[in-house]
Amino acid sequence: MNWHGVLPAMTTCFDAELKVDHSFMSRHATWLLDSGCTGIVSLGSLGEAATLTFDEKIAILKNMVATASGRAPIVAAISALSTAEAIDLAKAAADAGCEGLMVLPPYVYLGDWRETKAHVAAVFNATPLSCMLYNNPVAYGTDFLPEQIHELASEHPNLAAVKESSTDVRRIAAIRAIDDNRLQILVGVDDAIVEGIAAGATGWIAGLVNAMPVESVALFDFATQGRTREAFELYRWFLPLLRMDTVPKFIQLIKFVQQEVGEGNAGVRPPRLELVGEELNAARAIVQQALKTRPAILTGA
């Protein structure tokens, strides 16, 4: 698997009864791929994996694999409370036809390096699938340092990439310096994508792409092609939306943007609740301003 381009951290759509809406998710994934995305990441944080049962997760993966039908890889995020469950999910993802795994540290328990290394190593060893380590110390409290990432990469040939979400783009250069470009590095926070690419990232695990894939792919392409003027013109317009990916209610916000552009609904599973009051009004104002001022570089005006 080639870890490159724009890979949506795809949301999980629920119907009015908060059951997984597989039909919409298939249409949504098709739209994302038709818009230039290079793969789909399912069951991540944005996919509300913590609220999904094991069987729901496998059903989603099977639906995504069938929808992609070989045109792009489906990546399963592997997150669990226990190492045993993470291993079971990794094996089930491989059986479902996924081509890659995004491996997270354990939920809830913040272990030391020996414990955390053992957990992710067990997932790497569970299948021959290409793996991407997910480093998000802000959300999960576990920080994979560049030296630790190098240690894992030296011991696990199928560790092929890192999703770097520390919000510190210097980490990208640090990882590249130690690993001599063996690992592909993907940006995991939306409002650091242009800087991340400049530091050497080759991909983007994106959030707002769920609502605006054309803009997201264009931004990535401009940045990777060195088209600085176009990249920053688009980035300047996009940033108020992209920053929604970096706050605690990022799931509610991104799903709301999807609803506003007619590509999904704002429904989330408890304990999350939909936006109300001033939060809702502020989000709506940002979306309306963005739609009103979409750059000519995209509209062709």
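Visitor: Why is the crossing of H9 and H10 called left-handed?

Guide: A crossing is left-handed if the near helix is turned anticlockwise from the far one by less than a right angle, and right-handed if clockwise. H9 passes H10 in the left-handed way, so the near helix is turned anticlockwise from the far one. Please keep in mind that this is a predicted model, where local features need pLDDT of at least 70 and side-chain atom pairs pLDDT 80 or more, while totals for chains, interfaces and linings use all residues. Residues are numbered from 1 along each chain as its sequence is written, and side-chain values use heavy atoms, without hydrogens and water.

Visitor: What makes H9 oblique to H10?

Guide: The axes of H9 (residues 213–224) and H10 (residues 228–242) cross at roughly 140° and come within 9 Å. Such axes are lines fitted to C-alpha atoms, for helices over the stretch in contact, and angles run from 0 to 180 degrees between N-to-C directions. Under 35 degrees counts as roughly parallel, over 145 as roughly antiparallel, 65 to 115 as roughly perpendicular, and the rest as oblique. The angle of roughly 140° falls in the rest, so H9 is oblique to H10.

Visitor: Which residues make the contact between H9 and H10?

Guide: Contact means heavy atoms within 4.5 Å. Among the residues that make it are Leu 219 and Phe 222 of H9, and Leu 234 and Trp 237 of H10. The contact has ten nonpolar, one polar and two charged residues. Here Ala, Val, Leu, Ile, Met, Phe, Trp, Tyr, Cys and Pro count as nonpolar, Asp, Glu, Lys and Arg as charged, and the others, Gly among them, as polar.

Visitor: Why are H1 and H2 called oblique?

Guide: Their axes are 10 Å apart and meet at an angle of about 45°. That value again belongs to the rest, so H1 is oblique to H2. The crossing of H1 and H2 is right-handed. Met 25 and Leu 33 of H1 are among the contact residues, as are Ile 60 and Met 64 of H2. By class there are seven nonpolar, five polar and no charged residues.

Visitor: And what makes H6 and H7 oblique?

Guide: H6 (residues 146–155) and H7 (residues 170–179) cross at roughly 40°, with axes coming within 9 Å, and they are therefore oblique to each other. Their crossing is right-handed. Residues including Ile 149 and His 150 in H6 meet residues including Arg 171 and Ile 178 in H7.

Visitor: Why does the pair Arg 71 and Asp 34 count as a salt bridge?

Guide: A salt bridge is a side-chain nitrogen of Lys or Arg within 4 Å of a carboxyl oxygen of Asp or Glu. The closest N and O atoms of Arg 71 and Asp 34 are 2.8 Å apart, so the pair qualifies. Arg 71 lies in the loop between H2 (54–68) and S3 (74–78) and Asp 34 in H1 (residues 22–34), so the pair ties together parts that are 37 residues apart in sequence. The structure holds 13 salt bridges.

Conventions. Helices (H or I, at least four residues) and strands (E, at least two) are DSSP runs, numbered from the N terminus.
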